[in-house]
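Subject: Structure handover

Hello,

Here is the structure for you to take over. Please have a look, then read my notes below.

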Amino acid sequence: MLNPNRNPITFAVVTSVLGGLALVAVTSGVTRLANIEIFRLQVPLALFLGSLIVLVGSVFMTLRALAATRPRRTIFLVVSAFSQKHWLAELLRNIERSLDRRGYDLVLKIPDSDYLGVSQLHRLRQIAARGKRYSGGFIIPADPTATHDELRTLCRTVPYPIVFVDIAPFGPHAEYPINSAFIGYSADETGRTAAQYVGELLHRCVSDHPLVLVVGGKEQTGRQDRFVADLRERYRHVDVVVDNTGEFARRRARDIVQRRLAEFADSSRPVDVVFCTSDEMALGALDAMTITRAGPDGHITTIVGVDGTREARALIDAGSLLRATVVQDPTRLAESAVDLMERLIRGEDVPRHNLLPIHLYSAG
């Protein structure tokens, strides 16, 4: 009952009361032994001071015990990348706002290098070494194929919930550790939705063998893989060229598209569609391309992206070459991720692999 670790409040109250009573007893005893009139007059004062000490001590120790046992209200977020990632920045902003409304503080951990699994694991090991400092954590995995074993070990080591966001570290039917879950958008559904839109465009194309350029990254490869597979199934005569060195960066995508356009121009092959697996790269493709450079005889190339960022939707509405984007709403993802975190903190049984619906935003 008086174990300070198991019952800190009871321990604080009992020890404070006993300490105060002991002080009163000692003070009264000393006063009785001293056969001096002034000490006898001070006995009531001693009793008053003793009672006051009991009260103040009890309140102080009780508040201290309550503070020690109050659930920690700090959540960490380890991202996979940070530099010039507008969709990611919007997601972070929404997560922070959602946590703040619920009384949590957010601690952001940024890897030294974008999309480098080793760099992210270094951050995660630092977090795990700090014990119970956090109530829970969000992780956007970098290079999950190479790091999934260590991510599973981390979940089993820390005493709080882990919610993986946007990129699933394990398969949909894999065994997640009991304190972990994933929430995000289906890479397969994203690629399939884009392929359906592009397939409909190609059926209206005048070329017998249309050319599609896919600009992706080594992360989220499921988007481009599903897109290519579905597109070839829908349109058997399509030629697809994939470049997965875009790294979700606008400048890199711009350079890739410029280089590829020059290569295809040498063989007089117009590019009919450029599909980029993020809007950031789609904007880079748009930077690289103008109507006069899109192909021979003023051939117009259609650009399709993924994410549904505000800038991309504005350019679609303005009638640019960027004609469509597969929307993955960061506001909805943030709110859903925080809801999932709170349910795990409360100890509720939750689905381990959670997918949110997507939709296509297109011109006309």
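How many bridges join strand 10 to strand 12? Four, and these two strands run antiparallel. Strand 10 covers residues 322-327. Two strands pair if DSSP finds at least two bridges between them.

Before the rest, a word on the source. This is a predicted model: local features need pLDDT of at least 70, side-chain atom pairs count only at pLDDT 80 or more, and totals for chains, interfaces and linings use all residues. Residues are numbered from 1 along each chain as its sequence is written, and side-chain values use heavy atoms, without hydrogens and water.

Six strands form an open, mixed sheet in the order 7-6-8-9-10-12. Strand 7 (239-243) and strand 12 (359-362) are the edges; each has a single partner strand, so one side of each lacks a neighbour in the sheet. Valine 327 stands opposite histidine 359 in strand 12. Helix 11 (residues 310-317) lies across strands 10 and 12, at about 140° to strand 10. That angle is between N-to-C directions, on a scale from 0 to 180 degrees, with axes fitted to C-alpha atoms, for helices over the stretch in contact (heavy atoms within 4.5 Å).

The whole chain. It has 12 helices and 12 strands. These are DSSP runs, numbered from the N terminus: helices are H or I, at least four residues, and strands are E, at least two. Of the 364 residues, 47% count as buried (under 20% relative accessible area, 1.4 Å probe, protein chains only).

Best regards

How values were computed
Buried < 20%, exposed > 50% of the residue type's maximum accessible area, 1.4 Å probe, protein only.
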